Amino acid sequence: MIAKKQKLSSGLTVTSKVFVRSRNGGATKIVREHYLRNDIPCYSKLCHKCHTILKPDSKGELPRFILSESPTRLEKEGSIHYVVVDTNIILHCIDLLENVDCFYDVIIPQTVLEEVKNRSFPIYQRIRSLVKSDEKRFVVFHNEFSESTFIARAKNESSNDYNDRSIRQVAKWYAEHLQESNEDIKVLFITNDKDNLQKAKTEGIVDAYNLTDYIEELPNADVLRDLIPQTSNNESFSSSDANETSYPEYYSNSRVLGGLKNGTLYQGILNISSYNFLEGTVQVGAFKKPLLILGTKNLNRGFNGDAVIVELLPKDKWREPSTTIIEEEVIGADDNADDDGDEEIEFINDKERRLLAQEAIKETTAATSSTDGAHSRLQPTAKVVGVSRRSWRYYVGQIAPTSVSKDHDTGNSAKSCFVILMDKVLPKIRIRTRKAKELLGQRIVVAVDSWPSTSKYPQGHFVRCLGEIESAEAETEALLLEHDVEYRPFSKNVLDCLPKEGDSWVVPQDFETTTKRKDLRDKLVCSIDPPGCVDIDDALHAGILPNGNYEVGVHIADVTHFVKPNTALDSEGASRGTSVYLVDKRIDMLPMLLGTNLCSLKPYVERFAFSVIWELDEDANIVNVQYMKSVIKSREAFSYEKAQNRIDDPKQQDELTQSMRVLLKLSKKLKQKRLDAGALNLASPEVKVHMDSETSDPGEVEIKKLLETNSLVEEFMLFANISVARKIYDSYPQTAMLRRHAPPPATNFEVLNNMLAVRKPSMPTISLESSKSLADSLDRCNDPKDPYFNTLLRIMSTRCMMAAEYFPSGSYGYPEFRHYGLAVDIYTHFTSPIRRYCDVVAHRQLAGAIGYEMLDLSHRDKSKMELIVKNINKRHRNAQFAGRASIEYYVGQVMRNNESEQEGYVIKCFNNGIVVLVPKFGVEGLIKLELLGDVNSAEYDEDKFELKFKDFNNKERVIGVFDKVKVDVKSIKDEVTGKRKAQLILK
Amino acid sequence: MILSPAERSYLYDSLIQKPPIRPDSRSGHQFRPLEAKTAFLPSSNGSARIRLMDGSECIVSVKAKVVLKSQESSLIECDIDVSGNRDDSNFVSILKFNLTNLLCQNFPMDVLQLTSKYSYKLFIDCLVISHTSYPLTLLSLATYLALKTTRLPLLVSDVDDSEVEEQPTFSDDWDKSKYLKEMVSSNSKFQPPIFITLGVVGDNLLFDPSTEEEQVLENGLILSWYNNKVITPISNINLASNSNNSNFKGMDPILISKSLALLKKYCGEIVDALDGIIEHDDATEGGIF
């Protein structure tokens, strides 16, 4: 309801809006005053009139005009045009809007923008960044505040109808407004809503189109036709596709909210098992063990990573987690996935649900305390009854060859086919395309549009093609996309934040008078990094003081001198969070200029640094510590190997080498102290791929080697991180950027200890009391006959650990700050600001703590810090996964040429297969029962973790966890997913 | 004492005439003229303001809140503020008790039902800005108007939540909200109860006595009217609350049945007049008075 307008003063009119706010079950009548202005311009360079009404904003700047004076011409009509879009076009066709081949000069009414924001925040952010980067000339027109486009809501008009009418009003106003300046311009109104189109016509908007018709009007319609998303087409999938199956409908929003409130429904993130795509788990706060979700009916269209609402199933449906491997490609081939959740569940009411929940709590807590047999393995099961947030993004996959029928040759009409995604925990996606034939054998990107309850598979559309399967470019881009790594080049407004001088920037000579920087150019600083390192973010120096103590300095690149808070550069870095290292490529967090030149502590040139200087006694105890921004001049940049050689060479007696020897001596003491305190030495099968320097084809794989100098640098970096963590926590007890590593929950080690007890009775069990006892018990687990066994156990223990995470100090109590792996009470990341955003924040906080400059508000605000850490934790994880996936791909490529027999260890046993880890390549692979021997003869002994079967020679074999086996390693290409995998064959 | 003994005597003598001669020349069953405006407080669900010719003025606002029925003892709560009187004074407490009691016992509570668990609760806030005569009728009439114009947001979620919990959700469109009168079952009319004050002088019963008349009354009666009939409570009261009234005395029971007959005869008209105000008010959107 909107009351009458009232004139306040010239150019300002007030009216009021009345609406109901329904929140937490309440209903409040809200009245808002709404001001209208007459000085909102149309932002078109064609317009002659709007320049006269401009008023400067609060910063005294006039609004800029963005819409081009010569926009694209329509093919048939021949006139130039602007476009006004409605909400659904943006929500469904954001990819098209971002496409460089179409949609230039777009007007987004504010009404649309707000609707988009309410419906999908990620899309809202994408549209905002489109508006921000001027390349595609998008403008937001604040129609609700403009006198000429504001309309009052009519009586009994629904808010949707009202919004649609507001949007049409914008299109109408623009058309009329621009006509006066230029006869040739057309303002097209684009909507897919038939009713809206009809109304537009009757209201006199001539140029109203639906998306398909609009694309046909464009000169390059041929390329664009296939990109039109499914849901935006009015033609839906043919009727035979629909109703092939029906999923239970989701509960209504009010029921979900009510259920969450009274504790009968639960919310959590759905996590699909990577061994069985029909089994998912949801970790819910109320229960100690995750809830199991079994079968497609119960999963009810949930994607891996979705935030879902679940409801417990009755007790007779509770199951043990399955020990069977099920992959979609196997069952999906004949489209007949079996469901074990088919039976209808009788209606139960809330009271019974609550009893059930109590039962489940009892079950899950009992399970952790007692260890008796099958009873403890029973887990409560649940079904998905709603999805509160979809994790949908771009997916990479390839068209399933079987789904492309032969009659695709005929005609040019779009046919539907399936796309199998690289991520095998996700279902295949149905798309419609005219180019299915051409796209076979290509890596393609698809987006998911919807998953109606009547469709067995989600529906999506083709976005773009990355290239041929197994070509390095396509695979690299695919894995970047799969891990949500932003790899596009830095945009112009980010690059604008860099120093104007570019590569020729030098340290200004007047720094001592203009800033509080200390001059440390006389210190003998050097850096030690991997060979070929260009982004050097740390350097060291050491010396002996007159009193016999040592002075040790760690100098970190002063990134925050260039990356100031609240700039485009800063927000880009914050959103990328970390640099990503792939085998053949590095995706930078900050532009090259900073990372490899201005910030990088290159030898022989002066650079700004942030220095931590300790005075240490003979036993490496801290006597004194100072923090300062400084200017340094590195004497030399060593590689680990070169530094090692120089230290080991007795002929080298110059000062620099001497100081490195001091560093090495102290670092060994520091390391010993750390190990004594219980720091863990865990292992992961890390490998390095050697690239042929000319063809950059992967040559061979080797396990990474560690030198003493590696640990020299590492120790001092840890040391600096700990000192800085203490300092910033001292100054900012609520918002200091810290990193913690929680102790592993006992349940994680339960299975491993069970395995040990059963399979290696001579071994002591792994103790979890403290990191010290864990480290000690791991040390004791030695098999004299097999030196690798200890490493294997460390690898398996690493997988039971919690992941370390960033957090603002206010979110946990001091005892929980502890870093379990490093065995220190407080820790942060400070030493790599070029490649990690956490370090950038730590730098700013340290600068604030020592009074160098004021700390920006965003790093003093707890809720803003929460947002920052949430993002960098996610980015950090993704970067690790992407790095591993890259290695995995190259290892696959290497193995393609080297088939060989290798030693492997069984690390997991299922009733229809085993998982084997091959240390040489650091790969692990699943060997299915079909490849082991006679499927029918197999017997799985769950308590003993062993699988008994007859092999192909009809010999009885028993294989259990920890067994050492010989396997044939070869690389095969999976024809369905197009992914190259290590295929292991048991000898 | 606002009247001298001579004035009191003169006034008493004229009121006891048959028919009574009232100082403002009203007939016995006539109300003082009043002005009213409804639905003028933007953030209330319903509101009304009444002004009498002598400057007495009262504002009533009705606000609604969604509550769990099991946690509320009553679905209507009144709060009264009379300027110049302490909130805990007898005068205000009695007014508050009367109004709350009347509404709680004579209100179609089913119009407030949302689901089997949730219901609306009405908070009625009355503000007497100024008054000369006893303000109960003024309050009650303003409350009547406010309740008649009260609108409640429309529930869009499921009504039945006895078995499965639902959090009530509402349409965000204020225009979709419902008047209380639209919520009552079709065969009855939504008419909140009102109070009528009568003054007793000899055999005469005077509607809506003015402050001067109150000084000489022999007794006062408060009657309530709901659903086209007189209902209990019926009570007597000394209306000249701020002075001692030397005329005050006991009452002939016959007068009570006479008062019932009078109310039956005239109250319908009073309610119709009030409904007329609302209808008239809806049509013309203007300022407040």
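Helix axes here are lines fitted to C-alpha atoms over the stretch in contact, and angles run from 0 to 180 degrees between N-to-C directions. Helices (H or I, at least four residues) and strands (E, at least two) are DSSP runs, numbered from the N terminus.

This is a predicted model: local features need pLDDT of at least 70, side-chain atom pairs count only at pLDDT 80 or more, and totals for chains, interfaces and linings use all residues. Residues are numbered from 1 along each chain as its sequence is written, while chains are lettered from A and ligands numbered from 1 in the order in which they are written.

**Stop 1**

Select residues 746-759 of chain A for helix α22, then 788-800 of chain A for helix α24. Their axes come within 9 Å and cross at roughly 150°. α22(A) and α24(A) are therefore roughly antiparallel (over 145 degrees). Now show Asn748(A), Phe749(A) and Leu752(A) on α22(A), with Met796(A), Ser797(A) and Cys800(A) on α24(A). These residues make the contact (C-beta atoms, placed from the backbone, within 7 Å). They divide into 4 nonpolar, 2 polar and no charged. Ala, Val, Leu, Ile, Met, Phe, Trp, Tyr, Cys and Pro count as nonpolar, Asp, Glu, Lys and Arg as charged, and the others, Gly among them, as polar.

**Stop 2: α2 and α4**

Go to helix α2 (residues 110-119) and helix α4 (residues 159-179), both of chain A. They pack at an angle of about 140°, with their axes 9 Å apart. That makes α2(A) oblique to α4(A). Pick Thr111(A), Val112(A) and Glu115(A) in α2(A); they meet Asn163(A), Ser166(A) and Ile167(A) in α4(A).

**Stop 3: an open sheet**

Color five strands of chain A in the order β11-β10-β9-β12-β13. They form an open, antiparallel sheet; strands pair if DSSP finds at least two bridges between them. Which strands stand at the edges? β11 (291-294) and β13 (382-389) of chain A do, each with a single partner strand, so one side of each is left without a neighbour in the sheet. The twist averages 40° from one strand to the next. Helix α8 (residues 253-262) of chain A packs on the sheet. It touches β9 (265-272), β12 and β13 of chain A.

Zoom in on β12 (residues 307-312) of chain A: 6 bridges join it to β13(A). Ile309(A) stands opposite Gly386(A) in β13(A).

**Stop 4: where A meets B**

Show both chains. The contact takes 27 residues from chain A and 23 residues from chain B. On the chain A side, α8(A) gives the most, with 8 residues.

Terms used:
Parallel < 35°, antiparallel > 145°, perpendicular 65-115°, else oblique. Contact = placed C-beta atoms within 7 Å.
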